[in-house]
Each structure stands twice: as structure tokens, then as C-alpha cells.
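Have the model open as you read.

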Amino acid sequence: MKIHEYQAKELMAARGIPVPLGRVATTVEEAVAAVRPLVEESGNPVVVVKSQIHAGGRGKGTFKEHPDLGGVTVVLDGIEGGIDATENKVRELASKMLGSTLVTIQTGPEGRVVNRLYIEQGIDIETELYLSVVLDRSTSRNIVMASTEGGTEIEEVAEHTPDKILRESIDPAFGLLDFQAARVATGLGLEDQAHRNGVKFLKALTAAAVEFDTDMIEINPLVLTTDGQVMALDGKISFEANALYRHPEIMDMRDETEEDAAELEAAEHDLSFIKLDGTIGCMVNGAGLAMATMDIIKYVGAEPANFLDVGGGATAEKVTAAFKIITADPNVKGIFVNIFGGIMRCDTIANGIVEAVQEVGLTVPLVVRLEGTNVELGKQILDESGLDVVSAPDMKSGAQKIVELAT
Amino acid sequence: MSVLVDKNTRVIVQGLGKTGRFHTDKAIAYGTNMVGAVHPSKAGTIESFEGETDHSGVSGRPDTYAHELPIFGSVEEAVAKTGADTSVLYVPPPFAADAIMEAADAGVRLIIAITEGIPVTDMVMAKRFLEGTDSRLVGPNCPGVITPGECKIGIMPGYIHKPGKIGVVSRSGTLTYEAVYQLTTIGLGQTTAIGIGGDPVNGTNFVDCLQLFNDDPETEGVIMIGEIGGTAEEEAADWVKANMKKPVAGFIAGTTAPPGKRMGHAGAIISGGKGTAADKISAMESAGIVVAPTPTDMGSAMVQALGQE
């Protein structure tokens with residue numbers, strides 16, 4: 001699960017990780033009202049207006065409605081014109097940005113509507129750095145990755161100048177040790193007070209990664225200010241889905257407007273669903289088989305409409321819900337159910353299909369391939385249901401059959 | 001011969017809820033040597049299992065079975081009283097990592113974690129705990145391990161398996177069944193099938209299993225089934241190139257998966273341009289592994305690798 005930048009900064013600030021002062025706004029009035037207290041508290045006449053969407057590349061992104069306007073805009077008017085000038089500029093920007101569609105490298109051409117802005121104090125930057133805490137799958141431990149190349153995508157740094165990436169592996173029994181944090185801070189070129197601030201920052205950030213069960217925390221850029229502070233100028237946190245149950249405060253931060261409606265509904269039924277652009281709806285048990293089913297649809301010449309894993313413990317209700325989600329997509333021209341039952345019993349799936357078709361109705365062809373535990377019972381239930389279901393003996397012929405029927 | 005488990009394996013089950021009970025019953029029906037259960041709230045009681053024998057399992061048994069399983073309060077007690085060397089876990093996700101560590105602490109040789117949805121942070125800790133112990137973890141989020149005709153531990157349907165000569169190792173449960181079923185249909189059968197699980201942090205990996213199969217005299221070939229995410233398949237391909245003495249076939253799921261989207265399994269995600277199916281397939285092919293174009297072709301890819309076309 002992802003959260004907005006302002007929420008990530010709230011969480012970091014609460015754990016002693018320095019971030020700039022800022023206020024969130026959902027209306028133009030709130031945006032304007034944020035300016036005065038912010039400028040007075042920070043003592044800096046500059047503010048930054050930042051669009052809050054769950055996609056990166058906001059700084060370089062622009063609005064569909066306002067092609068000259070960037071997703072993150074620095075307001076310098078206050079340097080000469082004072083707070084009033086800043087307020088006027090923020091009013092103008094906020095009225096353009098709120099409700100408009102921001103297109104960035106990560107949103108795709110359709111972009112995302114901006115519903116929230118973050119008004120942040122200006123920072124006098126000495127250097128921009130990069131810092132992240134991510135799981136290293138090859139060692140089964142979190143690692144710190146740091147680089148002096150702040151503001152650049154880390155993948156780019158890894159490709160062109162891999163020697164500029166510092167890595168420290170974190171032993172979960174001890175956490176990031178002092179000498180490791182010091183080594184990173186030194187590698188980042190921090191000195192004296194800034195070095196001490198860097199060490200503190202690193203220790204707090206790596207502890208937060210464990211406390212919040214994050215998949216990834218990425219601070220890009222991490223900045224060294226002209227007065228020696230080390231601060232998170234941006235913050236991207238993604239939370240590990242399996243651990244969300246123990247973080248109700250983070251669940252509350254979920255912004256459902258940033259997520260696909262069908263995927264949300266699927267999640268409510270504990271289904272793993274991802275919407276795709278094709279025409280063949282797929283219902284499968286097991287993530288690997290679900291992916292392979294998408295692949296085989298493509299292999300026989302069509303495109304999958306979705307990834308859908310009904311999981312190991314599916315009930316008839318879950319199968320019904322899955323069916324509804326698939327058939328709600330107007331692009332779907334045919335449905336392929338591919339089940340190899342182990343933990344999941346074929347009769348459960350068959351009952352679910354029958355119930356679902358009776359409830360939802362069936363307007364497109366349906367091919368079902370069942371194999372595994374209670375397969376005979378499953379096939380019997382389908383046969384005796386009187387439904388217009390085509391049975392397939394294996395995956396490839398099932399895929400060929402549904403593609404043939406749907407086109 | 002086989003790897004990891006055989007007819008002498010003594011198994012306890014941790015977590016005897018609805019799922020645990022269902023699959024324990026199936027394991028007993030198969031002939032697996034189930035010797036006890038750990039379920040603190042039912043400690044001191046006996047759980048009875050009876051039903052029709054699964055004749056695809058251990059041969060030479062009567063058509064019905066009645067089996068009593070003593071329930072213990074801790075793994076330590078279960079091991080002491082039953083001499084179990086292997087444990088299978090159906091413990092719910094919030095408590096599963098602790099159950100893994102408890103089993104390791106009790107000296108269980110092989111810990112097979114079926115549980116899906118264990119927090120990654122917990123697994124990072126559990127793996128750290130396992131370092132320096134003699135315990136091997138398989139999983140989590142996996143179907144388990146089966147040596148056909150001898151011992152079935154986990155949630156796989158027994159009847160699709162058949163004793164034979166191919167080792168199977170897979171990150172995906174249901175794709176394992178596909179491969180196994182094809183190997184059975186073709187007549188090659190399996191020595192042992194190991195599900196290593198779809199999580200980013202797991203115990204036994206591809207290389208561990210390839211090593212075991214390489215050293216097993218009865219295994220004549222191996223089929224490895226991977227998916228997008230991470231670099232475990234690439235590492236396995238490197239190992240095969242340098243060390244493997246037996247033919248290997250394979251399959252990778254997720255050719256059509258879009259980047260940045262978690263495809264069900266926590267581990268199945270293409271991120272930062274890493275972990276694509278194309279990368280894995282090319283690494284495997286350059287190591288001489290015959291990669292099946294679709295899951296339906298896994299069996300024939302194995303035949304091709306064995307040079308039996």
C-alpha cells in the first residue's frame with residue numbers, strides 16, 4: 001500500500017526524522033491559509049506547492065489543463081513581495097492545480113486528478129543526496145542504499161555509475177549499527193555536525209522501516225541544508241501488504257481515490273485482482289498459474305483482461321464476487337476459468353460458478369478447466385447445472401477454445 | 001531414493017485449525033507418518049482421523065484407516081515424545097514466524113511452512129534465527145514437499161503424483177501441480193516435488209534444491225518453475241551452468257505481467273526494471289535449460305531436455 005508524501009512526512013516527523021514544515025490543503029482557501037503560519041514559523045519567505053498523487057515524477061510532470069504548470073512549483077514571490085504576494089500566488093496556483101489532471105512519467109498518458117496539495121516551507125539546499133531502505137531478497141535483509149546523486153532515479157545511477165551507490169546490510173537482530181550509519185554518512189560527504197545529523201537520520205529511518213513494516217522507504221532527495229541539517233525533502237513509503245493488519249493507523253491513511261475501483265472491490269473479498277487491457281477475463285487459483293494463464297492467452301493470440309487469483313481458501317461467495325468483478329468489465333468478451341485444485345477443491349469452484357452465473361447471468365462464453373482435488377464432483381456439478389459451460393481438458397486447449405469463442 | 005522426505009520421515013503438524021486438520025487427514029490417508037500435532041489450546045487431547053485410504057500413496061495398506069494423533073502444547077514436547085524430525089505449519093500468519101522459530105529451537109530438521117501471508121519483517125527475523133541452526137525451512141506460502149508413494153507433506157493433491165525420476169522445484173503451488181501431472185501422464189514420474197513458495201523471503205531456494213537433486217542418484221532430471229520478481233532464477237541458472245550434471249527443464253510465469261504490479265505473490269513483482277520473465281528465460285536458456293513456452297509444454301520440455309525425443 002502507498003500513501004501520499006505529506007502522510008509519509010507526518011509519519012517520519014513523528015519518529016524524529018527531520019522533514020520541512022508543511023500543511024496539507026484540499027481547497028484553495030486551505031492552501032492560502034497555510035502560507036502565513038508556515039512562513040512565520042520557518043522564517044523562510046519561499047514556499048513550495050506540491051501536488052499529492054501516488055505517482056512519482058511530479059516535479060517534471062505537467063497538467064493536462066495547464067501544460068506550462070509543473071506538479072511541484074516553487075513560489076518565490078514572497079522574497080520581495082512579502083506574505084501577501086505569496087498568498088496571491090498560492091491562490092492562483094491552487095485554483096489551477098486542484099481538480100486538474102497531472103501527467104507524469106509514472107501516471108501514464110491518462111494522468112491523475114490532483115485532490116490534495118502540500119504547501120511546504122522553502123529549504124536552502126547545500127547538496128541533494130539519495131537514501132532508501134529496501135528489502136534485499138538475496139540476503140533476506142533490509143539494506144540501506146545511499147548515493148551522492150540525489151534527485152536522480154536510483155535505477156539510472158545503478159546503470160551508469162554503480163560505484164556511486166553505497167550499501168549497508170542490516171542485521172535484523174541488531175538494526176543498523178552506529179559504525180554502519182557513520183560509514184554511510186561519510187560516504188555521502190557529510191562532515192562535523194552534518195555527519196552527526198546524518199547518523200541520527202539513518203538510525204531513525206531504518207528503525208522506522210522495521211516499525212512500519214515497509215517494503216521500501218525512499219528519500220529522494222535527501223538534502224543537506226546550508227545550516228548543516230539533514231532533511232527529507234521528499235518521502236515515498238510503500239507498506240508491505242501482509243503486515244498491514246497490525247497498522248490500523250496506516251490503514252487509515254489509505255486514499256482510495258488513488259486506487260482502481262475494481263481492484264479495491266476485489267481486495268474487500270480477499271481476491272488478488274489486477275485490471276489489464278485485454279478481452280479475456282481470467283479466474284484462476286494460485287498466483288503463478290494466474291500469471292501463466294495470462295501468458296497463455298497472449299500465446300494463443302488474444303490479450304488477458306485481468307489477473308485474478310481466487311486464492312487457496314476460496315468459498316462459493318468469493319468465486320461469485322470474482323465473477324461479478326470480471327463481468328463488470330465491458331471489454332470482457334469471454335471468460336476462462338482455470339483451476340488446479342490442491343488446497344482449493346474443485347467442487348467449491350464449481351458451486352461458485354453455478355451460483356455466480358445464476359446470480360449475475362452470463363452474456364459471454366465461458367470455458368472452464370478443472371483439475372485436482374474433487375475434480376469429478378466439480379465436473380458433475382457443472383454438468384448437472386444446465387449452464388452453457390465449455391469444459392477443457394487442459395490449459396492450452398482451454399485458452400484456444402475461449403479465444404476462438406470470444407472472437 | 002529421494003530428497004528431503006521419505007517413508008521414514010516422522011511428521012508433526014503445527015496449527016490444527018480447519019485447514020490444518022483437512023490436510024493432515026489427507027496426509028494420513030496418503031500414508032504419511034504423522035506422529036503428533038502442536039496446538040496449545042488443545043494440548044493433552046487426541047485428535048482422531050478416519051476415512052478411506054488414498055491408494056496413490058504408500059502401497060500395501062488396507063482400504064480404510066483410523067489414526068489417532070496426540071496433541072502437544074509445544075514443539076519441544078512433541079519432538080521429545082514422538083521423535084519427530086519434520087514439522088508442517090498451518091499456523092495463521094500473525095503467529096507463523098514464531099512457530100517456525102519454535103520448531104527450529106526444538107531441533108526439527110525440516111520445517112515446511114504452508115502459511116500464506118506472513119509479514120516479511122517477521123520472515124526476515126525468522127531467517128536470521130535459523131542461521132547457525134541445523135534446521136532447513138521450506139516455504140512459506142508454498143504447497144509443501146512430496147515424495148510420491150512415500151510421504152506427502154502439504155496441500156498438494158496426492159493422486160496426480162507418481163514415483164519416478166524427475167525432481168520438481170517451484171515457486172508456485174498450482175504450477176507445480178501442472179508440471180507434476182504432466183510428468184505423471186508422460187510416465188516420467190517424480191522423485192520429490194518441492195514447493196519453495198512465492199514470498200520474497202523464503203527458506204530453501206532453487207539452488208539448494210538443484211544441489212539436492214544433483215546429488216540424488218535416482219533423480220535423472222529436474223524441472224524448475226519460476227516467476228517474475230527477484231533474481232533467484234538467474235542465480236539458479238548460473239549454478240546450473242557451473243555445477244549441474246543432469247538435464248534441466250523450466251518454465252517462467254509472468255511474461256505478460258506489467259511492471260510495478262504485485263501479481264498475487266508478494267515476491268512476484270517487476271521493480272526497477274529487474275525480475276522480468278525475459279531476463280530469467282534468457283539466463284536459463286544460456287545455461288542450457290530447456291524452457292517451456294507455455295505451462296502445457298512443461299512435460300515435453302523435460303522430455304526434450306532428457307534427450308528422449
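Chain B splits into domain 1 (11-138) and domain 2 (162-305), with bounds that come from an automatic or database domain assignment. Before going further, keep in mind that this is a predicted model, where local features need pLDDT of at least 70, side-chain atom pairs count only at pLDDT 80 or more, and totals for chains, interfaces and linings use all residues. Residues are numbered from 1 along each chain as its sequence is written, chains are lettered from A and ligands numbered from 1 in the order in which they are written, and side-chain values use heavy atoms, with hydrogens and water left out.

Taken over C-alpha atoms, the centres of domain 1 and domain 2 of chain B sit 26 Å apart. Where they meet, 8 residues of domain 1 are in contact with 10 residues of domain 2 (heavy atoms within 4.5 Å). Together the two domains bury about 750 Å², 58% of it on carbon and sulfur atoms; buried area here is the accessible area (1.4 Å probe) that two parts lose on being put together, summed over both. On the domain 1 side, K127(B), R136(B) and V138(B) supply 52% of the area buried against domain 2, more than any other three residues.
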